[in-house]
Amino acid sequence: MTTIKFLKVYGMMLLAISATSCKDKESPTDETKFGNPLLFNGPDPWVIQKDGIYYVTHTTGNSLKIYKTENMSKLSMAASKIVWTPPANGMNSKEIWAPELHYIDNAWYLYYAADDGENKNHRMWVLENTSPDPFQGTWTDKGKLMLADDKWAIDGSVFSQNNQLYSIWSGWEKDIDGRQDIYISRMSNPWTVQSERVRISTPELPWEKNGLPVNEGPEILIHNDKIFLVYSASGCWTDDYTLGLLSADVSADLMNPASWTKSPQAVFVKYPEGQAFAPGHCSFFKSRDGKEDWILYHSNPQTGQGCGDQRSIRMQEFSWKANGLPDFGKPVALSVKLDKPSGE
């Protein structure tokens, strides 16, 4: 073998050995991390945790779909099931928006907004399932949630405080579009409203009025002696869709608008450098070990994508300020890997 040929062969052997050595030293995938988004298409995400299982739902527009997982960081791999499809015609046949799954008095309830194809007819509706597992059993139509005044209503949620069940939602004051307010009513059971509706928030600050004056997507968060109502503000078709905050004492009369204090500044806003436009319509959950608080929300990855299918589901941990208010920080950039919720 000539010297030149020998050197070529020897060099190739060294390259092969080097490549193998590098491959052996490569770091394996870090199983303690995850990346957003959890789902690339998931407007208006809602999560509820029961018996170590997380159940997630979001707007599909034409059905009610539930995801089931033990680990929120693995939502993209979760089992999913369409548990209800609307009738072909009727007042709850079209534009199925912002479903929420709640467990109340040993039964599951799915609340959703729907209309007959005309937005002015949007109302809240509710289904019931007495199975311990919402993937099983039968979903029974409990009909339209008969909110006081029977006005346009979307983004309904329910919560219990001081042994009283409440309904909260986004609605119109009259029968015409132009402004969305947040209302509250008392309930006698999960499908029956028993009181008048009381307006507890109206869009009045500049950051609540981009596109149109909008307050929607009300969600309850309770911490120590405070109850917070986190809501979405401004038009979802704008990049400036954002989160606002109302707060009240847990012992207050929640039907009294004076019990609620609005934070003067938005509490969660767009972060263009992190591909987070129009962040909003959130819900909350605890980590598996109960030690961490997390926010689940949707956001667009690019500017100008509006209220469409580009809204992806994201999550991140949040903390609490010294004054007791939640501190959501800013949306974490899509390029950043996050620690999984503790206990996963």
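Start with the disulfide between Cys236 and Cys307. The torsion about its S-S bond is about 105 degrees, so the disulfide is right-handed. Keep in mind that this is a predicted model. The two sulfurs sit 1.9 Å apart. A pair counts as a disulfide when the sulfurs are within 2.5 Å, and by that rule the count comes to 1.

What does the pair tie together? Cys236 is in the loop between strand E16 (226–233) and strand E17 (242–249). Cys307 is in the loop between strand E20 (293–300) and strand E21 (312–320). So the bond links parts that are 71 residues apart in sequence.

Cys236 counts as buried, at 16% relative accessibility. The cut-off for buried is under 20%. Cys307 is partly exposed, with a relative accessible area of 31%.

Then there is Cys282. Cys282 is buried, at 0% relative accessible area.

Next topic: a sheet. Here 4 strands form an open sheet, ordered E6-E7-E8-E9, with antiparallel pairing. At the edges are strand E6 (94–104) and strand E9 (140–144), each pairing on one side only. Neighbouring strands of the sheet are turned by 20 degrees against each other on average, direction ignored.

Let's walk across it. E6 and strand E7 (residues 107–115) run antiparallel and are joined by 7 bridges. Take His102 as an example: its bridge partner in E7 is Tyr109. Tyr109 also stands opposite Glu128 in E8. E7 and E8 are antiparallel as well, paired over 7 bridges. On to the last step. E8 is joined to E9 by 4 bridges, again in the antiparallel sense. There, Trp125 has Lys144 of E9 as its bridge partner.

Is strand E8 enclosed or open to solvent? In strand E8 (residues 123–129), 7 of the 7 residues are buried, so the strand is largely enclosed by the rest of the structure.

Notes:
Residues are numbered from 1 along each chain as its sequence is written. This is a predicted model: local features need pLDDT of at least 70, side-chain atom pairs count only at pLDDT 80 or more; totals for chains, interfaces and linings use all residues. Side-chain values use heavy atoms; hydrogens and water are left out. Helices (H or I, at least four residues) and strands (E, at least two) are DSSP runs, numbered from the N terminus. Buried means under 20% relative accessible area, exposed over 50%, partly exposed in between (1.4 Å probe, protein chains only). Two strands pair if DSSP finds at least two bridges between them. Axes are lines fitted to C-alpha atoms, for helices over the stretch in contact, and angles run from 0 to 180 degrees between N-to-C directions.
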